[in-house]
Amino acid sequence: MSAVTRTFEEVKDVILSVHKNATNSDKMTFYNNWAENYDQDVAIVDYRAPSLAAKSLSDHFTGDCDGAVVLDVACGTGLVAAQLKKRGFGHFVGIDGSKGMLELAKKTGLYQDLRLCMLGEQELPVQWGSFDVVVIVGALSSSHVHFSVVRELCKATKPGGYICMTTRSNRDNLEYKAALERELKLMEEEGLWSLVDITEVEEWEKGVTEQEKGYISGLVYVYKASPL
């Protein structure tokens with residue numbers, strides 16, 4: 001099935017409908033059906049998180065980009081890997097809960113390995129401490145993945161490696177954002193990682209609810225895993 005061209009109003013309805021899917025199984029069915037049109041639809045709402053995260057990470061990464069192994073969690077169709085590739089990264093392992101999304105990610109040719117995993121229900125299918133960089137873009141929000149998954153992201157990262165995460169800061173996500181930031185701070189206090197940078201972005205993507213006119217805001221977090 002090929003992608004269809006939709007209007008902004010039609011894309012808004014599609015994006016809002018994902019929030020109505022109560023179970024993870026329902027959400028994955030939704031994403032499987034959305035996969036072919038995903039890239040085109042998120043471009044219509046000017047979804048900038050992949051490029052913003054890639055820029056923030058590359059600005060702070062001090063290692064060898066070309067040799068770094070990146071774990072792309074909730075990789076979707078590969079938008080983040082494509083942006084990181086432009087910035088010199090070249091080795092990617094992708095994880096997602098949607099078979100449809102993974103099929104499209106495979107077609108990009110960017111990933112050395114792709115693995116199916118339902119975040120929050122299954123432990124990440126990786127060896128702990130094996131990745132130079134771990135990224136999760138778009139999935140940390142009230143309607144998707146519980147914030148506690150960030151502990152697994154940290155465990156998957158090599159000592160001294162980098163973790164890059166994003167979340168939205170629009171009204172519907174403020175409670176989630178506050179809980180996420182409490183967890184991030186707690187992990188810092190536990191000595192698991194250190195904060196490298198937080199970038200606040202006013203124009204994250206176009207809002208899709210009646211209350212959101214124009215763009216909504218978001219954040220990129222970059223942490224560095226503590227050395228052994």
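This is a predicted model: local features need pLDDT of at least 70, side-chain atom pairs count only at pLDDT 80 or more; totals for chains, interfaces and linings use all residues.
Which side chain makes a polar contact with the side chain of S169? Local features in it need pLDDT of at least 70 and side-chain atom pairs count only at pLDDT 80 or more, while totals for chains, interfaces and linings use all residues. Residues are numbered from 1 along each chain as its sequence is written, and side-chain values use heavy atoms, with hydrogens and water left out.

**View 1. S169 sits in the loop between β5 and α7.** Helices (H or I, at least four residues) and strands (E, at least two) are DSSP runs, numbered from the N terminus. The partner asked about above is S217, whose side chain meets that of S169 at 2.6 Å. A polar contact is a pair of N or O atoms within 3.5 Å; within protein, one must be able to donate a hydrogen and the other to accept it, and residues adjacent in sequence count only if both atoms are side-chain atoms. The S169 side chain also reaches the backbone nitrogen of G218, at 3.4 Å. S169 is buried, with a relative accessible area of 18% (buried means under 20%, exposed over 50%, partly exposed in between, with a 1.4 Å probe and protein chains only).

**View 2. Here is the largest nonpolar core, with 32 residues.** Such a core is a set of buried Ala, Val, Leu, Ile, Met, Phe, Trp, Tyr and Cys residues joined through side-chain atoms within 4.5 Å. L71, I136, V150, L153, M165 and W193 touch the most other members. Helix α7 (174-189) is one of the elements that supply at least two residues, and α7 gives the most, with 5. Leaving out residues up to four places away in sequence, W193 touches residues including V150, M165, L184 and Y223 (contact means heavy atoms within 4.5 Å).

**View 3. Helix α1 (residues 8-18) has buried residues V11, K12, V14, I15 and V18.** They lie on the same side of α1, because they cover an arc of only 165 degrees around the axis. The arc is that of the directions from the helix axis to the C-beta atoms. These buried residues pack against α2 (24-44).
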